[in-house]
Amino acid sequence: MIPRLAGVHHVKLPVSDLARSKEWYRTRLGYEPMVEFRESDELVGLGLRHPDGGPMLALRLDPEKAKAAAGFDYFSIGVPDKAAMEDLARHLDELGEQHGGVHFASIGWILPLLHDPDGHEVRFYTVESHTEVPEGTTRSITDPRETAEAHERNLPSE
């Protein structure tokens, strides 16, 4: 029996400053506060929702864990297609945010190397795919970064 699941409910990130992180996710990606978590009358967490399809995020005040986890890419946020990904890259550019640009990846397009105020890498990956992986099969990808870079070098200019 395969259990019935319904996608990712939310992703929780440790942060060192709730107000700063809330503002960053609001201005960069459009997230809005949905719920506050308090312990002994102290604000220790926030639940954020996205108005247009992004996964819910939970921010938990934990400076030590935030520092220890900096640089790791926990998840990739889905973006509908390559055009929407390019729009996102332009938006981030206009805000002066550094990122890795839009690139061909294993089965879709990726925008890596965006970092939130605590240094968590926030990646984006298209739901649209350029490579089909039929259900019931497993695609083997050797040296994904090198394979994608070689593919991009061989693409005709747009």
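Start by selecting Ser 40, which sits in the loop between strand E2 (32-39) and strand E3 (42-49). Helices (H or I, at least four residues) and strands (E, at least two) are DSSP runs, numbered from the N terminus. What you have open is a predicted model, in which local features need pLDDT of at least 70, side-chain atom pairs count only at pLDDT 80 or more, and totals for chains, interfaces and linings use all residues. Residues are numbered from 1 along each chain as its sequence is written, and side-chain values use heavy atoms, with hydrogens and water left out.

**Stop 1**

Ser 40 counts as exposed because its relative accessibility is 80%. Asp 41 is not a glycine either, yet has a positive phi of about 65°. With 71% relative accessibility, Asp 41 counts as exposed.

**Stop 2: two domains**

Zoom out and colour domain 1 (8-69) and domain 2 (71-157), as the domain assignment of the chain gives them; such bounds come from an automatic or database domain assignment. Taken over C-alpha atoms, the centres of the two domains are 23 Å apart. Where they meet, 17 residues of domain 1 are in contact (heavy atoms within 4.5 Å) with 18 residues of domain 2.

**Stop 3: Arg 28**

Next, select Arg 28 in helix H1. Its side chain makes a polar contact of 2.6 Å with the side chain of Thr 27. (A polar contact is a pair of N or O atoms within 3.5 Å; within protein, one must be able to donate a hydrogen and the other to accept it, and residues adjacent in sequence count only if both atoms are side-chain atoms.) Leaving aside neighbours within four places in sequence, Arg 28 is in contact with His 91, Leu 92, Leu 95 and Glu 97.

**Stop 4: helix H3**

Move to H3, residues 82-94. The expected span of a helix is 1.5 Å times one less than its number of residues. For the 13 residues of H3 that gives 18 Å, and the end C-alpha atoms are 18 Å apart, which agrees.

Which residues of H3 are buried? Show Met 85, Leu 88, Ala 89 and Leu 92. They lie on the same side of H3 because they cover an arc of only 100° around the axis, the arc being that of the directions from the helix axis to the C-beta atoms. An α-helix has 3.6 residues a turn, so residues three or four places apart point the same way. What covers the buried residues of H3 includes helix H1 (18-29) and strands E5 (76-79), E7 (109-115) and E8 (121-126).

At the N-terminal end, Asp 81 caps H3, with a side-chain oxygen 3.3 Å from the backbone nitrogen of Ala 83. Just after H3, look for Gly 96, where phi is positive at about 80°.

**Stop 5: strands around E7**

Finish at E7, where five of the seven residues are buried. Two strands pair if DSSP finds at least two bridges between them. Strand E6 (residues 103-104) runs antiparallel to E7 and is joined to it by two bridges, with Phe 104 opposite Trp 109. Four residues lie between E6 and E7 in their hairpin.

E7 and E8 are antiparallel too, joined by four bridges. Here His 115 stands opposite Glu 121. Their hairpin has five residues between the strands, and there Gly 119 takes a positive phi near 90°.

Methods. Buried < 20%, exposed > 50% of the residue type's maximum accessible area, 1.4 Å probe, protein only.
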